[in-house]
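Biologist: I would like to learn how to read the features of a protein model, one kind at a time. Could we begin with what a database record says, and then turn to the atoms?

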Amino acid sequence: MRPILLSGHERALTQVKFSKEGDLIFSVAKDHVPCAWYSANGERFGAYKGHIGALWTVDVDPTTTFLATGGADNTLRLWEVKTGRELKQWEFLTSIRRCEFSEDGKRLLGVTEKRTGQLSNIVVYDIDNSSPDARNPPNPPSASKYIITGHENGSVAQWDAKTGELLNEVYSHEDGMAVTDLQWSADRTYFLTASKDKTAKLHDTNTMEVLKTYVADTPLNSAAITPEPTNYVILGGGQAAMDVTTTSARQGKFEARFYHKVFEEEVGRVRGHFGPLNYVAVSPDGKCYCSGGEDGYVRVHHFDPPYFDFKFEVERELETRTGTAGY
């Protein structure tokens, strides 16, 4: 599994995202220029210039027409992917920490940062796919039933996407340990959270019940779910340099960790970064994954055939039994 190293950012990566087709990777960092890359060979597709501060979040719509970015310049921006043209800019009193398109691409959600005197807010904008320049005021999303949020106190909240009403709040992680990432399964029936409490947890979207827990040995910054037919979750984290007494990458635990989604057991690690992994993402087809690190690099790993063939003994026995039964 030879990695492709993407070198184009000047500071630490904060988020990476695949397009729905998996052919493009979008990355943002603490510099101010979002980048797009070809996932197959790591060549740069383009850059989107306009922000004037560190960037925290990026997302691309399902048709790879629009790109959304948000950051410390207190703006949420909408771009045209092909041309790099900025289409719309929304200004806020605090920075944008997360942005995400709805499943159908018709709505764009943004989450503002909590600061002294300012509460964290969720905003939703209507995106008209028929015309890149047609924008409407905030409206509740229609395609998604819930909005799920992770919080600094370790809680995970479920909101009604139409009314904005808080429906459920569960304290899945340790009190005071921030939820650092939240990623959906392909069908959005469950989601995965990562936390500074060194665990990642799989939740049912409807009931908010914790289905599985994956225990690591380092604070986690991100967690991703591989699509079927593979059954893995990938965790990324690591201790910051100020908390590590040696410069050894092994001691800092700067590795991507693979866990079996069902059995909750760690099955492997991938090294490479020289700092904490700040984000991990898996391509929608499940053929590769990428990680963005504190070292300023994006690493893309294309899986080798043995990855897809690996099975636990109980899985092989199940396949044998069902095969004998004629399924």
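Predicted model: local features only at pLDDT ≥ 70, side-chain atom pairs only at ≥ 80, totals over all residues.

Biologist: Which residues does UniProt list for "repeat: WD"?

Modeller: The unreviewed UniProt entry gives residues 6-37 and 48-89 under that name. In the model, the span 6-37 is 50% strand and 0% helix, and its end C-alpha atoms lie 8 Å apart.

Biologist: How many aromatic pairs does the whole structure hold, and how is the geometry of a pair read?

Modeller: A search of the whole structure finds 13 aromatic pairs. To name the geometry one looks at the angle between the ring planes, where over 60 degrees counts as edge-to-face and under 30 degrees as stacked. The rings of Phe-258 and Phe-303 are edge-to-face because their planes stand at 85°, with the centres 6.1 Å apart. Phe-258 belongs to strand 23, whereas Phe-303 sits in the loop between strand 27 and helix 2, so this pair ties together parts that are 45 residues apart in sequence. Phe-303 also pairs with Tyr-307, and here the rings are stacked, at 3.8 Å centre to centre and 10° between the planes.

Biologist: Which residue has its charged end over the ring of Trp-56?

Modeller: That is Arg-97, whose charged end lies 4.2 Å from the centre of the ring.

Biologist: How should I read salt bridges, and how many does the structure hold?

Modeller: One asks which side chains meet and where they lie, and the structure holds 15 salt bridges. In one of them, Asp-59 and Lys-17 meet at 3.2 Å, N to O. Asp-59 lies in strand 6 and Lys-17 in strand 2, 42 residues apart, and the pair links distant parts of the chain. Both Asp-59 and Lys-17 are buried. The salt bridge of Arg-77 with Glu-86 has its closest N and O atoms 3.1 Å apart; Arg-77 is buried at 7% relative accessibility, while Glu-86 is partly exposed at 29%.

Biologist: What joins Glu-266 and Arg-269?

Modeller: Their side chains form a salt bridge of 2.5 Å, N to O. Salt bridges with shared partners join Glu-266 and Arg-269 into one network with Asp-217, Glu-255, Arg-257 and Arg-271.

Biologist: Lastly, what should I look for in the backbone?

Modeller: Most residues other than glycine have a negative phi, and most peptide bonds are trans, so departures from either pattern deserve a look. Arg-188 has a positive phi of about 65° although it is not a glycine, and lies in the loop between strand 17 and strand 18. Met-208 likewise has a positive phi of about 65°, in the loop between strand 19 and strand 20. Arg-188 is partly exposed, at 22% relative accessible area, whereas Met-208 is buried, at 2%.

Biologist: Where is Pro-229, and which residue does a cis peptide bond join to Pro-229?

Modeller: Pro-229 lies in the loop between strand 21 and strand 22, and the cis bond joins it to Glu-228, with omega about 15°.

Note on methods:
Residues numbered from 1 in each chain as written. Heavy atoms only, no water. UniProt positions renumbered as here; feature names shortened; annotations may be inferred. Helix = DSSP H or I, 4+ residues; strand = E, 2+ residues; numbered from the N terminus. Phe/Tyr/Trp six-rings, centres within 6.5 Å; stacked < 30°, edge-to-face > 60°. Lys NZ or Arg CZ within 6 Å of the ring centre and 35° of its normal. Buried < 20%, exposed > 50% of the residue type's maximum accessible area, 1.4 Å probe, protein only. Salt bridge = Lys/Arg side-chain N within 4 Å of Asp/Glu carboxyl O.
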